[in-house]
Amino acid sequence: MTLEVWPHISPEELQIKAAESLDRELQWITQETITLCHELKHGIEDCYALLAPIDPGSTLVMSTHRNEKVKGTITRVGTRLVKGTLNLQLRTLPPQQIHLSALEPIHIRPLDTIHTRLTQAIDLLGLLLSSNPSAESIASALTALAECLSESAALLRGSTTSEPDAAWQTSSCPAHHFSPALPEGLSFYMTLQESSLVLWLRSLEPADAPVNFGMKLGLAIGTVRRLEHDEMDTVFRFNPDGDGGCEPKRGGLEGRLGGRKDRTADVLVREKVRIESADPSLISLYSKLGFLSHMLSQARYNLAAVMGVDLDMDS
């Protein structure tokens, strides 16, 4: 069976009609994509609002499970930790209470980066929707937008490997973020994983610190037990002043340290504790980013199909 166009037209005219049809289809899909971009912009603005610095913020419980090694709360406002109190009952340190300084909020670097990416995405869509873009311009903008959303979701998801996160060596919170100042030999490192705030506390000692006779004797006869963990007996280069990730974007590490010398030293981890607290706003943010990424992927696929280009969805 054959298919013919009736009334009959010449091959040249058929090519012209096919090109006109394709052009109309491209115009239609372009308008549909622009309409979807309005929806995307509203959705990303909702995501942006979840990281807005609106008081009183989110107060989260930060306590270890099945024991009271760490017990307390912290308050997140936007991308910062503005206050908090933690009671510590670590085996290698005296019992103590640490307080976050209200004058020196702790910036959570992954949240700062997500905030920046969402700002870029909103600005990009605003610029796109304020012009009369071509299909090629829309496709390019959607690719950049996909990268912003993908990176934001990856930061919320955090590391998926079982290897210890080495960033604590340079990104732990400096002592001045606490009132009174954080004691020597304690690392306070905050990160994100699975849309939750994760706090790592590490009790440290100098790598060249001598082991006293009582400790040696206790280990030998079994009256003292070492705390076993995956970082024991490993020497780390630890910078107690941090790398500026906990500071405001302006003023950062340079303004804080001034001419102070580098205090990086070799240390051993005597004890480490992980505390995780699910943040409802971050869980909602991750869910919204996933939905928007799905919408965006479908729009990119449809536009590429009409344009006749191969789309690498990993790009």
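## After helix α3

Gly 158 comes after helix α3, and its phi is positive, near 75 degrees. The model is predicted.

## Helix α3

Helix α3 covers residues 135–157. At 1.5 Å a residue, its 23 residues should span 33 Å, and the end C-alpha atoms are 33 Å apart, so the two values agree.

The buried residues of α3 include Ala 135, Ile 138, Ala 141, Leu 142 and Leu 145. Further along the helix, Ala 146, Cys 148, Leu 149, Ser 152, Ala 153 and Leu 156 are buried too.

## Packing of α2 with α3

Helix α2, residues 109–129, packs with α3 at an angle of about 160 degrees, and the two axes are 9 Å apart. Since angles over 145 degrees count as roughly antiparallel, α2 is therefore roughly antiparallel to α3. The crossing of the two helices is left-handed.

On the α2 side, the residues that meet α3 include Pro 110, Thr 113, Ile 114, Arg 117, Leu 118 and Gln 120, together with Ala 121, Leu 124, Leu 125 and Leu 128. On the α3 side, the contact residues include Ser 137, Ile 138, Ala 141, Ala 144 and Leu 145, together with Cys 148, Glu 151, Ser 152, Leu 155 and Leu 156. By class, this contact has 14 nonpolar, four polar and two charged residues.

Ile 138 is one of the residues of α3 that are buried and also one of those that meet α2.

## Leu 197 in strand β7

Leu 197 lies in strand β7, which covers residues 196–206. The relative accessible area of Leu 197 is 0%, so this residue is buried.

Asp 279 is 82 residues from Leu 197 along the chain, but their C-alpha atoms are separated by 6.8 Å.

Note on methods. Residues are numbered from 1 along each chain as its sequence is written. This is a predicted model: local features need pLDDT of at least 70, side-chain atom pairs count only at pLDDT 80 or more; totals for chains, interfaces and linings use all residues. Side-chain values use heavy atoms; hydrogens and water are left out. Axes are lines fitted to C-alpha atoms, for helices over the stretch in contact, and angles run from 0 to 180 degrees between N-to-C directions. Helices (H or I, at least four residues) and strands (E, at least two) are DSSP runs, numbered from the N terminus. Angles under 35 degrees count as roughly parallel, over 145 as roughly antiparallel, 65 to 115 as roughly perpendicular and the rest as oblique. A crossing is left-handed if the near helix is turned anticlockwise from the far one by less than a right angle, and right-handed if clockwise. Contact means heavy atoms within 4.5 Å. Ala, Val, Leu, Ile, Met, Phe, Trp, Tyr, Cys and Pro count as nonpolar, Asp, Glu, Lys and Arg as charged, and the others, Gly among them, as polar. The expected span of a helix is 1.5 Å times one less than its number of residues. Buried means under 20% relative accessible area, exposed over 50%, partly exposed in between (1.4 Å probe, protein chains only).
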